[in-house]
Amino acid sequence: MKAFNINEQLMLGVCYYPEQWPEEMWEDDMIRMKETGISLIRVGEFAWSIFEPTEGNYQFKDFDYMLRLAHKHGLKVIIGTPTATPPAWLTEKYPEVLNATVEGHLLHHGLRRHTNYTSTTYHRLSAAITEALVLHYKDNPAVVGWQLDNEFNCEIGEFYSETDHEAFREWVKQRYGTLEKLNDAWGTVFWSQTYSSWSQVHLPRLVPGGKQPNPHLALDEKRFISDSVIAYAKIQADIIAEHAPHHFITTNGLFGHLNSHQLTKELLDFFSYDSYPQFSTINTDPKEKRPLYDRSWSLTLSTVRSISPQFCIMEQQAGPGGWVNKMDMPSPKPGQLRLWSYQSIAHGANLVVYFRWRTATFGQEIYWHGLNDYGNTPNRRVAEAAKVGKELQLLSDQLAATTYQADVAIVRDYNNEWDGEYDVWHGPFGWKSGKEWFKALTRKHIPSDVLYMNEETTLAELQRYKLLVYPHPAIMSKATAQLLEAYVVAGGHIVFGCRSGYKDQRGHCYMLPFPGVLSTLTGITLEEYTVLKGTRPATTLTCSDQSTLEAAHFNEIIQPVSATVDVLAVYDQDYYKGKPALTQNRFGKGTATYYGSVFSEEAAHYILQQLDVVSTPAPWLELPEQVELALRGNEEEQYYFLLNYNEQPAEISLHEPAVDMITNQTLQGDIILEGYDVLILRKA
């Protein structure tokens, strides 16, 4: 039985680096952690050179003392396996473990994540340090779980060492079996790329024009990287599961070229994420209309929730962030640290671990502030964290066993994400359209999930939702198309955007009229299409209610082929003026809506209005746009999170009585939610 169950309680934690501080500070730190409401610490993920200063020479004395102090003061501990930062002796002695650029240049020791996942030498050394740690700490009373490595594929998600090319060749052999099948899958007859020997197969390399690989090879490259990460993580997970079955296993981060759903299903007890909402404020596209800023982080948290309905935030932003040379983020304003903490909790986090306890005084991250500043004196961030800690003690019993509730899901899949990295004819549209749909839903106070489709997805999983939004699934297998047809026939509603349904899983275009295998479900074909670029301006549409929408980036000219199709909007300009741009097909008991462009928030609003199948789960609440509504619940009770992302107060109205879960007061009528404040309600 696991010593810790993430589904049983809400907890606050903090990342701690005892190796960076004098030993005499440790106990005072832990005393103040407990006073702040912190119950758990994460340690060790960057301490390989401490644990193993020379090969085979394991040293645990300092961490043993720290763990005794943690246990003395009632702090639970997660130990991170330190394999993201191998020591200098290792990379000097075993250069074959290093990653390389596409040009073949080795990436050297000096930052982190400079190794590859395919070196058998690195497998052996990683297994050795993991086993030494687990055997030493498996019975330590403070330790409850393990974090595998740290942020797989952070810093870099491409690998071109010699061992990677060799491993890819073996992976391809296992996947295709014969060169004939490989050549068919990659369409190598095009431009005389046909392979006549396995030795000719490599990961992408430089060609005339730079790095421009065969697109089907590029898609398989991402699949290979994901499988390599999971195989590497399994080495560590198996050791922990064998020697410490009573401890949980997790890992943190959400980075590219990794199927985190598969990783979690096969190896982890739950998934963990590192939440830094200000990334979405410092990286906003200046051309974006009505950006959500830090509120948009809720969409990312929805992705995390699709992996683990209840999850851990292993690093929650606790102050201004930044390395010495990049990622300079402002200091959170009063209330924002608490707001971001509840943003994570509202979306399914039961354990929130702040990064970090104290700001580092040396190294790359000396400006990545923790709760405490360099001077180690009380500040408002510590006070805010303490407030959250105190509140979680009140909320834990009611909220811990609940999950996020939603009737609509924004659908994604890894094949299209990975293919879209290279294919500019659909890739750039996926994230944009998903974000615009999220804007429309959250501003109408309709909670939404993210759902990742795969070949194992069942009809029952789809039927949890009244509405699915699958913006631009260029790659669509026939089996998935049939599953979506079954969902709609049974009464579900689905929305597609342009560039849907025309590729198979290899990335080949079907020899079918567009939208390919989705033509039956949507009841349409396409006359033709055009990208809008250069001298081609965005067109406008006239909708059935006589409103106007802008259709930017891409236009498809739709031709209904079924009598059950209704035209909801037509183009206003160009040679396709008056032709359908938005259609809806009545299919069985449900509908399939097809939009021949890239979604905007306005287009999503209009489609929601026409469908009229989802609405706010709290019609008794009157909320302004600036307030997010999130819903956690179970069969017994529903809890309504109201999060104000604006510095200005928000006026809200409760048309029915509800209980404030933090103050236990009953509220009704008009109230003020202060700037960056949070309110958690249950119906009275």
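The points below concern helix packing, aromatic rings and backbone geometry in a predicted model.

1. Helix α11 covers residues 297-307, and helix α15 covers residues 427-443. Their axes come within 10 Å and cross at roughly 105°. Angles of 65 to 115 degrees count as roughly perpendicular, so α11 is roughly perpendicular to α15. On the α11 side the contact is made by S298, L299 and T300; on the α15 side it is made by W431, G434, K435 and F438. By type, the residues of this contact are three nonpolar, three polar and one charged.

2. Helix α11 is largely enclosed by the rest of the structure, because ten of its eleven residues are buried. The buried residues are W297, S298, L299, T300, L301, S302, T303, V304, R305 and I307. Among them, R305 has its charged end over the ring of Y404, 3.6 Å from the ring centre.

3. The model has 40 aromatic pairs. One of them joins Y58 and F60, with the ring centres 6.3 Å apart and 5° between the planes, and this pair is stacked. Y58 counts as partly exposed, because its relative accessibility is 28%. F60 has a relative accessibility of 11% and therefore counts as buried.

4. F279 and W297 form an aromatic pair that is tilted, at 6.4 Å centre to centre and 40° between the planes. This pair links distant parts of the chain: F279 belongs to helix α10 (residues 279-282) and W297 to helix α11, 18 residues apart. Both F279 and W297 are buried. Ring pairs also place F279 and W297 in a cluster with Y17, F46, Y273, Y276, F355 and W368.

5. I313 is located in strand β7 (residues 311-317). Its relative accessibility is 0%, so I313 counts as buried. What does I313 contact, leaving aside its neighbours within four places in sequence? The residues are Y273, S275, L301, S344, A349, L351, V352 and V353. Of these, V352 is 39 residues from I313 in sequence, with a C-alpha to C-alpha separation of 4.7 Å. L301 is one of the buried residues of α11, and Y273 is a member of the aromatic cluster.

6. Most peptide bonds are trans. The bond from F355 to R356 is cis, with omega near -5°. R356 is in the loop between β8 (349-355) and α13 (380-399), while F355 belongs to the aromatic cluster. The bond joining F514 and P515 is also cis, with omega about 5°. P515 lies in the loop between β13 (493-496) and α18 (519-522).

7. Positive phi values are the next topic. Most residues other than glycine have a negative phi. H445 has a positive phi, near 60°, and is found in the loop between α15 and β11 (448-452). At 9% relative accessibility, H445 counts as buried.

8. R499 likewise has a positive phi, near 60°. R499 lies in the loop between β13 and α18, the loop that also holds P515. Is R499 buried or exposed? Its relative accessibility is 4%, so R499 counts as buried. R499 also lies over the face of Y529, at 4.6 Å from the ring centre.

How values were computed: Residues are numbered from 1 along each chain as its sequence is written. This is a predicted model: local features need pLDDT of at least 70, side-chain atom pairs count only at pLDDT 80 or more; totals for chains, interfaces and linings use all residues. Side-chain values use heavy atoms; hydrogens and water are left out. Axes are lines fitted to C-alpha atoms, for helices over the stretch in contact, and angles run from 0 to 180 degrees between N-to-C directions. Helices (H or I, at least four residues) and strands (E, at least two) are DSSP runs, numbered from the N terminus. Angles under 35 degrees count as roughly parallel, over 145 as roughly antiparallel, 65 to 115 as roughly perpendicular and the rest as oblique. Contact means heavy atoms within 4.5 Å. Ala, Val, Leu, Ile, Met, Phe, Trp, Tyr, Cys and Pro count as nonpolar, Asp, Glu, Lys and Arg as charged, and the others, Gly among them, as polar. Rings of Phe, Tyr and Trp (its six-membered ring) pair if their centres lie within 6.5 Å; planes under 30 degrees apart count as stacked, over 60 as edge-to-face and the rest as tilted. Buried means under 20% relative accessible area, exposed over 50%, partly exposed in between (1.4 Å probe, protein chains only). A charge sits over a ring if NZ of Lys or CZ of Arg is within 6 Å of the ring centre and within 35 degrees of the ring normal.
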